[in-house]
Amino acid sequence: MRRAARARQGAEALRPLQLAALLLALGACRRALVEPRGEIAGAWLREPERASGFELRADGTLALLNRPDESGLAWNLSHGELVLSLNDSAHVDSHVVRMTLARLDADALELAGDDARFAGAYARGHAERVRGVLTYRERMALPPDAHVEVELSRAGDGPVALSVFAARSQVPIGFELSVPASPSEPGRYTLLARISDRERILWVTPDPVPVTPESEGEPILLRAAR
């Protein structure tokens with residue numbers, strides 16, 4: 001009887017220690033899941049050229065760098081995977097790409113997976129942003145299925161960035177694109193923009209509009225499409 005009592009006392013003494021160990025383990029797991037999000041945020045350029053890549057913005061939005069065939073929407077980290085939400089001019093509805101986080105250092109990232117567009121090694125880079133607002137003069141409300149398309153081009157290189165997104169409000173509508181920073185060779189950029197519904201273009205820029213990264217320009221006036 002005494003041995004059984006001592007055994008019960010020993011088991012009861014171990015329970016607080018086991019609980020503390022469990023809490024520490026859960027805390028470590030939580031840190032492992034949360035901390036990489038802050039570490040991975042920023043611009044990443046694909047090795048070895050370092051000419052294209054993506055920007056994982058701190059607010060969870062995604063921008064593609066020198067990849068004008070697609071538009072980045074959002075990103076997230078989930079169970080060791082980088083989840084990218086994308087669309088393009090022909091497919092406004094988003095689709096998701098999942099890449100395994102194979103390596104993450106302060107200045108190096110490696111993604112693994114079946115999607116060759118994103119698999120590979122990346123180096124930490126810097127991005128510049130082109131921001132602005134679109135508007136038009138007509139007193140007409142946008143239809144519920146309206147979406148915005150903004151294409152950014154660089155002189156001598158052609159299109160370098162694309163943003164396609166649903167118009168969740170009436171004009172003025174803000175937009176933001178990113179390009180790799182190039183302090184030694186500042187580029188001259190122009191953009192084209194349009195607002196469409198599922199069937200036709202509604203408003204459009206009549207001519208390319210000059211823009212400068214990291215500066216606030218005048219609102220861009222669209223004209224009714226004919």
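Me: Which residue in β5 does asparagine 76 stand opposite?

Reply: Strands of a sheet pair through backbone hydrogen bonds, either parallel or antiparallel. Here asparagine 76 stands opposite valine 83 in β5. β4 and β5 (residues 81–87) pair in the antiparallel sense, over seven bridges. Strands are DSSP runs of E, at least two residues, numbered from the N terminus, and two strands pair if DSSP finds at least two bridges between them. Keep in mind that this is a predicted model, where local features need pLDDT of at least 70. Residues are numbered from 1 along each chain as its sequence is written.

Me: In which order do the strands of the open sheet lie?

Reply: The order of its eight strands is β3-β2-β1-β8-β7-β6-β5-β4, with antiparallel pairing. At the edges are β3 (62–65) and β4 (71–78), each pairing on one side only.

Me: In what sense do β9 and β16 pair, parallel or antiparallel?

Reply: β9 (residues 127–136) and β16 (residues 220–224) are parallel, with three bridges. Leucine 134 has isoleucine 220 in β16 as its bridge partner. β14 (residues 201–204) also joins β16, by two bridges, but these two run antiparallel.

Me: What is the phi of arginine 50?

Reply: Most residues other than glycine have a negative phi, and most peptide bonds are trans. Arginine 50, not a glycine, has a positive phi of about 55°. You will find arginine 50 in the loop between β1 and β2. Proline 48 lies in that loop too, and the peptide bond to proline 48 from glutamate 47 is cis, with omega near 0°.

Methods: Predicted model: local features only at pLDDT ≥ 70, side-chain atom pairs only at ≥ 80, totals over all residues. Heavy atoms only, no water. Helix = DSSP H or I, 4+ residues; strand = E, 2+ residues; numbered from the N terminus.
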